Amino acid sequence: MSAGMRAILEDRAVTVVRAPDRFDVAALVGALARGGLRAVELTLTTPDILAALAEANVAERAPGAVVGVGTVLTAADADAAIDAGAQFLVTPAIREAVAAAAAARNIPVVMGAFTPTEVLTAVELGAAAVKIFPARANGPAYLRDLHGPFPEVTLIPSGGINAENAAEFLAAGAAAVTAGTDVVTPALVAAGRWDEIEARAAKFAAAI
C-alpha cells in the first residue's frame, strides 16, 4: 500500500483544500498534519497549485504529511500532478484515462462515483478507493446500502462531511471521510491562519 493511502486509511480522513489563490502548501499541510489529518488533497481548481506543490519541499517542511491532487480529469492532468509530487490522485467522476496514467506510474487513484454501476466501474478500472460524491445527497445510510453488494470496496464519502456527522459515515461503513471547509476555509488559507487550521483539524480528528 502506498504512503498516501496508508495515511488516509490510518487517519480515516483526507482533507480537501479549495482556495481561489496559490498558497504556502507546506505551511498548510504541516498545520493539518499537526492537528492529526496527514493526508491532504489539493485541487486543480486552485490557480498555479502544481507549481506551489513542486516548490513546497513538503518532506522537509511538513514531515509526516502526504499530499495528493484532486479534480484530475485527464491523463495530462494526472501526469502533471505526479510530476509535481502528488502521492495520490482524486477524480470527481469515472475517468478511465486518469486511471491508466496513474497505474503506469504506480500512483493510487481515489475515483469519484455515486451509483452502484459507477462504483463497480471505478473498481474495475483499478481505483484504490471510491469517493462517494456528493455524500450529503443520501447521507450515511447510502454508504451502508452500497456495502451490501460491495462489502470489500473502500468507500470515502465526500461533500457535506463535518465534525458533527463524520463519525456517522464511518459507522455506516466508510473507510475514511473527506474533511472540507469544516476544517479549511478559503478565508483561513488566504490569511495564513495556520494555527486555527491546526485547531480545526484537531477537532475533526477527535470527532472521528
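I number residues from 1 along each chain as its sequence is written, and my side-chain values use heavy atoms, with hydrogens and water left out. As the model is predicted, local features need pLDDT of at least 70 and side-chain atom pairs count only at pLDDT 80 or more, while totals for chains, interfaces and linings use all residues.

**Helix 5 and helix 6.** I took helices (H or I, at least four residues) and strands (E, at least two) as DSSP runs, numbered from the N terminus. The axes of helix 5 (residues 75–84) and helix 6 (residues 96–104) come within 8 Å and cross at roughly 35°; axes are lines fitted to C-alpha atoms over the stretch in contact, with angles from 0 to 180 degrees between N-to-C directions. I then looked up which residues meet, with contact meaning heavy atoms within 4.5 Å. Helix 5 brings Ala75, Ala78, Asp79 and Ile82, and helix 6 brings Ala97, Val98, Ala101 and Ala102.

**Nonpolar cores.** I used buried (under 20% relative accessible area), exposed (over 50%) and partly exposed (in between), with a 1.4 Å probe and protein chains only. A core is a set of buried Ala, Val, Leu, Ile, Met, Phe, Trp, Tyr and Cys residues joined through side-chain atoms within 4.5 Å. The largest core has 68 residues, and those touching the most other members include Phe23, Leu89 and Val177. Helix 2 (residues 25–34) gives this core its largest share, 7 residues. A second, separate core of 12 residues includes Met5 and Phe88. Leaving out residues up to four places away in sequence, I found Val177 touching, among others, Arg12, Ile156, Phe169 and Phe204.

**Ala122.** Is this residue buried or exposed? Ala122 is buried, at 0% relative accessibility, and sits in helix 7 (residues 116–124). Beyond four places in sequence, Ala122 touches Ile94, Met111, Ala127 and Val130.

**Salt bridges.** My rule was a side-chain nitrogen of Lys or Arg within 4 Å of a carboxyl oxygen of Asp or Glu, and the count came to 10. Arg38 and Asp11 pair at 2.9 Å, N to O. Arg38 lies in the loop between helix 2 and strand 2 (39–43) and Asp11 in helix 1 (residues 3–11), so the pair ties together parts 27 residues apart in sequence. Asp11 is buried at 16%, whereas Arg38 is partly exposed at 24%. Glu10 joins Asp11 and Arg38 in a network of salt bridges. I also noted Asp83 with Arg105, at 2.7 Å between the closest N and O atoms; Asp83 is exposed at 56% and Arg105 partly exposed at 36%.
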